[in-house]
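Open the structure in your viewer and keep the selection tool at hand. This tour says what to select at each stop and what is there.

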Amino acid sequence: MWYRIGADFILLLHLIFVIFVMAGGLLVLKWPRLAWWHLPAVAWGATVEFTGWMCPLTPLETVLRSWGGSTTYDTGFIEHYLLPLLYPAQLTRDVQVVLGAIVIALNVVVYGWLWRRSREVRPSTPS
């Protein structure tokens, strides 16, 4: 039972990280210092998508599920509703590259807007 709870926790952590990578720039608009956490997360998320690497959370979750005696994800709420978000059946290399590009594009827009806003707020220095 504890292994399964651990696997569910890892899955939830993974989902939160994915959401942070995709939408964390919106939090940076409110709390600019969060960019020190968000930009490395974006870099990692995009790298994983562009290279096809596997996130280390995935094998950890798989091992915990195996130790807990689970072989499929069709037995609980988390497995049924959240796993398809992280591990879609149609995930191909091309889809991964598109996802990586979306991550970059979303964050370029948010950080570009933040940069532009910061330049407008600065008072001009007298000549």
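This is a predicted model: local features need pLDDT of at least 70, side-chain atom pairs count only at pLDDT 80 or more; totals for chains, interfaces and linings use all residues.

**Stop 1: His38.** Select His38, which sits in helix α2, residues 35–51. Is His38 buried or exposed? Its relative accessibility is 0%, so His38 counts as buried; the cut-off for buried is under 20%. Now show the side chains of Asn107 and Tyr111. The side chain of His38 has a polar contact of 3.4 Å with that of Asn107, and another, of 2.7 Å, with the side chain of Tyr111. Leaving aside neighbours within four places in sequence, the residues in contact with His38 also include Phe20, Val21, Gly24, Gly25 and Val28.

**Stop 2: the nonpolar patch.** Select Val18, Met22, Leu91, Val95, Val98, Leu99, Ile102 and Leu106. Together they form a nonpolar patch on the surface, with about 550 Å² of accessible area. Which helix supplies the largest share of the patch? That is α5, with five residues. Both α1 (2–30) and α5 (93–121) supply at least two residues each. Pick out Val95, which belongs to α5. Val95 has 33% relative accessibility, so it counts as partly exposed.

**Stop 3: helix α3.** Select residues 57–67, which make up α3. Colour Leu57, Thr58, Glu61, Leu64 and Arg65, which are buried. Then look down the axis of α3: the buried residues fall within an arc of 130°, so they line one face of the helix.

Terms used
Residues are numbered from 1 along each chain as its sequence is written. Side-chain values use heavy atoms; hydrogens and water are left out. Buried means under 20% relative accessible area, exposed over 50%, partly exposed in between (1.4 Å probe, protein chains only). Helices (H or I, at least four residues) and strands (E, at least two) are DSSP runs, numbered from the N terminus. The arc is that of the directions from the helix axis to the C-beta atoms. Patches are made of residues with over 30% relative accessible area and no salt bridge: like charges are joined within 9 Å, nonpolar side chains (Val, Leu, Ile, Met, Phe, Trp, Tyr) within 5 Å. Accessible areas come from the Shrake-Rupley method with a 1.4 Å probe; for residues, only the protein chains shown count as cover. A salt bridge is a side-chain nitrogen of Lys or Arg within 4 Å of a carboxyl oxygen of Asp or Glu. A polar contact is a pair of N or O atoms within 3.5 Å; within protein, one must be able to donate a hydrogen and the other to accept it, and residues adjacent in sequence count only if both atoms are side-chain atoms. Contact means heavy atoms within 4.5 Å.
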